[in-house]
Amino acid sequence: MRAGEYVGGCVEGALDASFVAALGRLGADAGCDLSAVLFAGFAAWLRRLSRQEAVSVGVACSVLRHDGQRQSAVLPIRLDTAPGAGFAMAMTDAARALREAAAACARSRAAAGIPVAGDETGVAAEVRAVFDFGQPAAARSARDIADAMPELRLRIIPRDDDALRLACDYDARLFDAATVQHWLEAFETLLRSAVEDAGQPWDALDWLSARERQALAALQSPRVGDGDGMLVHASIAARASEMPGRVAVSSGGDALNYETLEQRANAIAHALRDRGVGRGDFVGVCLERGPMLYAAVLGILKAGGAFVPLDPDYPSTRLDFMVDDAGLRLLVCSKELSGSFDHPSMLVIDTDMDEMAWRRCEPLPEGPRDASHGSPAYVIYTSGSTGKPKGVVVPHRALSNLLRSMQRVPGFGADDRMVAATVSSFDMSIPELFLPLVAGGQVVVAPRDAQRDGYELRRLLETSGATCMQATPSGWRVLLATGWRGGPRFKALVGGEALPRDLAVALAGCCDEAWNMYGPTETTVWSTCARVATPVAAINIGMPIDNTSVWVLDAHGQPCPLGVPGELWIGGDGVALGYHRRPELTAERFVPDPFDARAGARLYRTGDLGRWRCDGTLEHFGRLDSQVKVRGYRIELGEIEATLSACDGVSACVATVREDRPGDVRLVAYVVAAPGHAPAPQAMRRHLQARLPAYMVPQHVVVIDALPLSPNGKVDRAALPAPDHAPGANGRIAPRDALQARIAQVVARVLALPGLAIDDDFLALRGEARGACLAAELERELGRPLPLRTLLQKSTVAALASYFADAQVHNAPHEDHIDREPCMQNPTADGQPTLGPRETYLIGVWCEVLGFEVAPADNFFDIGGNSMLAVQMSERVARETGYRIKLMQLAAQSVGEIATDLPAVATHDAGTASGSGLLRGMKRLFGRQATTG
C-alpha cells in the first residue's frame, strides 16, 4: 500500500482515575506495572476480536539514536498465553515480553545505532495492530500514524487527573466508527472483569457491557402469536373450503384444484390410517415431483405421520440406509419405483389406491392419533461427518412458524404463483410444498427437464405467470445465463449458499424483489432473511424471522459484542426436535437456551461464523468446521472421506472444496495409496457413485504420495495441489481419435472444461443446467439429433463418441463446423495477421475467463460465454484499464472489434497489497466490506 491511500479514523474513550488505580493494584499483586496490565488486556482483546490463537502486536516506543535524536519505533511482540490460563498469567507473560523486547532493542541500538524494529514504516508490513501507552507527543505525530498505516492502533494517554484517555486509530477502509466504538467499549469491560477476578481465564472474561446486552436482546425477533393455531394440513383444508375450484398444484398438463387435492389427500390419509399410521410414525415418500406427491405428503400429515422424502435418484445403498435408519412404518411410492425397495409395508399409489379407495374423500375424524404441534412433521436426511447421513426431525410447530412468517416476510399471498424446482430431499423444497397452499396461491411444479435445463426453466417461468421462485445462487446464475430477465412482480428468493454481490446486483436489477435467505435444516429451512437493497452494498443475511432468535457466541458461550464475530446459535420455534436415533449428537448440537425462560427452550449450534452488525443485521462468514455447501447442498466432507476410506487400496484420504477459477467450485478428494496398491481414480469415483448422492461425488480424485501436514500435525488443506486436469494425469485417458477429439472440443467450448479425459463425467463437473445448450451445439457440430435424455445418460466423451459412431456420421463434415484458432498471446508470424497490444490483451483475458482458445473474430456469447462470465470479464477489464465493456457490445461485436475501443494498454503491476500481518484473521472475516458494519 502507498501512504497516500490510507484513510484513517479515530474513536475515543476514557478510563476514570479510580479504575486506573484499581488496574495498578491488580498489576502490583502480580508483580507487574500498569503498562503490562494494559498490554495483557490489549492482547486478550485483540485475540478474541480476531479469533487467532496467538498475536504479534506492535508496541510503540521512542528510542534515542546514536546521533542524539529521538526516533519513534515499533517493537513486534508475540503473545500466545494458553487458552484457559488466568488473566494473572497473561499479565505475567505480557510483562516478560515487554522486558525482553526492551532488552533486545537496547542491544540492537548499542550495536548498530538504530532500533531493532526499524522505523514504523518499515515494520508496518508485518505488524498491523499497535499498542501505544504513554508515548510523548513529540514522538507520536500525525505523520507517524499515517506513514505506519496501522489497521488498528490503541493509544492510551495519561491525563493530569490520573485518568487515561483511549484513542483507537483504525483503517477506515476496513472498519467503521460505530464498530470500533463497540470494540473499545468491550476493551474497557474486559479490563473491569479482570479487576473483579484476575483468576478468570483471559479468554472467558466478560466483555459485554449492560448497554451491549440490551442492544443484542433488542435485535431478537419479538414473540408473535400463532394465528389460528392450525397445523399446516388443517390450514390447507381451510383454503380448500374457501376456494375449492381454484388451481392449487399444476405440472405440465396435470393440475389439481384445492377441492380435488383435499379429497385425494383425505383418501390417502384413510389408506394410511387403515395400515396403522398415526402420530409420530415415519412414512417414506418416493414419488416423482408432481400433484400426486403433494396429495401424498398432505395425506401423511392428516394421518398423523411424518413424511420422509426419498429421492429416486439416490444410490440404492443410501436409500436402503435411510429406510432402515428411519424405521419407516410404511412407504408410499409409485409402481415404477416400488422395485427399488424391499420394505414389508408399502402403499403403491398406482395399484393400492383403487376406485373405492379414492372415494373415501371425507376428512378423518379427530382422534388421539392425530398430529400435534409438538409431533414430527417431516424428517430430512443430511450429510453426516461419521460417514452416514443423519435424519433431522422437524415438528409441526416449527413448520407452521416458518410458513406463517414467510407469508408476512418476504411475503406470499393468494395471488402468487411459486415455481417449485427443488428436489424433495433438499430442505429448500419444504416452502415449495406448503407455502403457496397455506396462502391460497398456486404451485407450478417444474418437470425434471426444467430442473436440469436452464432454458426449460426460463420457458416455464415466462409461460406460467410465476411471481416467485427460490433457488441457490448457482441455480439463479444458470437461469440468468439463459437470458431470463425477471419481471416487475417477480420475487427471487436466494438461499443454500452465500449470495455473491454480483448476483445480488443482477437479481435486484431484474426482479421486483430479491431476498437473501439463511438457515440450516435443523432450524427449519430459513431462520433469517434480508431484502437486497438497491444500490447493493454489503451482503448480509438480515434479521431473524418470527419467533426466532440468533445469538453470536464465543467459545465459552458468551455473547459477542456488536461487530465481533462468533458462532451463530439459533433458538425459537424453528428449532428441530433433534437427530433421529442420534441422542449424543442431539445433546451436543441442541442445548438449553440460557436466553429464553420458557420451559424446554433450546438453541441449535450451527457451526457457522457470523456477527451482528451495528446496523442491526447479521453477517455470515462461512463455516467453523469441515462442512461445506456446493450448489446449495450441505456436505460433510467427513462422510466423503469415510466412504472413500472403505475403498480397496486407500491408506489415507481427505476431501476438500477448491475454487481454482472464479465461480468454478469443485469437490476434490486426495488419496494416499496403501503399500503395494495403485487405486485408479475412476474406480474410486465409481465406488463413491454407488454409495453417495451425485452432488457428493468429487469431480476429481487425485492420488498423491502423502498428505501435507501443518506444524500441529493436522492436514494442511491449503497445501494440497490443484488437480491436474490434463489427460494422462492420474491415469486419465486423452481422446484417442478424431471423433472423440471433436466432441471434447465442443464440450470444452460450451462448458469451459479444457483438457477433458474421455471418461470424465463433464455434467458432474459442471452440473446439468447447460445440458440443453451442449446438446444443441453437439447436434450442430456432428449433424445428428442428440436428445437431452441421451446426453444425461452418456455424459462422457467416450460414451458420446460411441453414440455418434453407431450412426456413422462422424466422417461427413458438418457445414457449420468451425475450426478453432489458437489463442495468440503474442503477434503471429508466417503470414498470419499481427495482433496489436489491445487485441493481444483482450484475447488473453477472454482465454483466461472462458478457459479455451479464442480467435479475433469470435463473439463472446457465440462461443459459449454466459452472463456470469461476462460480468467477471467486464469487471476485470474495467479494473485493469478503466474501460467497461457493455453486454450489448459482447452480444454484437467480436473480440477484435471490441479491442479497438480500449484505451492504450500499458504494462503495469495491477496487484494490490497482500494484507498480511497481525489482523489477517480479521480481514479474512470482514474483508473490505467491513466498512459498512
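**Entry 1: an exposed loop residue.** I began with Arg 581, which is exposed, with a relative accessible area of 54%; I use exposed for over 50% relative accessible area, buried for under 20% and partly exposed for in between, with a 1.4 Å probe and protein chains only. Arg 581 is in the loop between strand S24 (578-579) and helix H21 (583-589), and its phi is positive, about 60°, although it is not a glycine. Helices (H or I, at least four residues) and strands (E, at least two) are DSSP runs, numbered from the N terminus.

I then looked up Asp 162, a residue other than glycine with a positive phi near 70°. Asp 162 lies in the loop between strand S5 (152-158) and strand S6 (164-171), and it is exposed, with a relative accessible area of 56%.

**Entry 2: what I am working from.** This is a predicted model, in which local features need pLDDT of at least 70 and side-chain atom pairs count only at pLDDT 80 or more, while totals for chains, interfaces and linings use all residues. Residues are numbered from 1 along each chain as its sequence is written, and side-chain values use heavy atoms, with hydrogens and water left out.

**Entry 3: the chain as a whole.** I noted 33 helices and 32 strands in the chain, and buried residues make up 57% of its 933 residues. Of the contacts with a separation of 6 or more, 67% are between residues 24 or more positions apart; contact means heavy atoms within 4.5 Å.

**Entry 4: the cores.** Which residues have the most contacts inside the largest nonpolar core? They are Leu 15, Phe 39, Phe 42, Trp 45 and Phe 87, in a core of 76 residues. Helix H2 (residues 34-50) gives the most to this core, with eleven residues. A nonpolar core here is a set of buried Ala, Val, Leu, Ile, Met, Phe, Trp, Tyr and Cys residues joined through side-chain atoms within 4.5 Å.

**Entry 5: H15 and H16.** Helix H15 (residues 396-411) and helix H16 (residues 429-439) pack at an angle of about 65°, with their axes 10 Å apart. Axes are lines fitted to C-alpha atoms, for helices over the stretch in contact, and angles run from 0 to 180 degrees between N-to-C directions. The crossing of H15 and H16 is right-handed; a crossing is right-handed if the near helix is turned clockwise from the far one by less than a right angle, and left-handed if anticlockwise. Leu 399, Leu 402, Leu 403, Met 406 and Gln 407 in H15 meet Ile 430, Pro 431, Phe 434, Leu 435, Val 438 and Ala 439 in H16. I sorted these residues by class and found ten nonpolar, one polar and no charged.

H16 is mostly covered, with eleven of its eleven residues buried, and Glu 432 is one of the buried residues. Just after H16, Gly 440 takes a positive phi of about 85°. In H15 I found Pro 410, and the peptide bond from Val 409 to Pro 410 is cis, with omega near 5°.

**Entry 6: H24 and H28.** How do the axes of helix H24 (residues 738-751) and helix H28 (residues 797-806) cross? They come within 9 Å and cross at roughly 120°, and H24 and H28 are therefore oblique to each other. Angles under 35 degrees count as roughly parallel, over 145 as roughly antiparallel, 65 to 115 as roughly perpendicular and the rest as oblique. The crossing of H24 and H28 is right-handed.

**Entry 7: H11 and Gly 496.** The buried residues of helix H11 (residues 316-326) include Arg 318 and Asp 325, and those buried residues pack against strands S9 (282-286), S10 (306-309) and S13 (376-382) and helix H22 (637-645). Last, I checked Gly 496, in the loop between strand S18 (487-494) and helix H20 (501-510). Gly 496 is buried, with a relative accessible area of 9%, and Gly 496 and Lys 629, 133 residues apart in sequence, are 7.4 Å apart in space, C-alpha to C-alpha.

Note on methods: Ala, Val, Leu, Ile, Met, Phe, Trp, Tyr, Cys and Pro count as nonpolar, Asp, Glu, Lys and Arg as charged, and the others, Gly among them, as polar.
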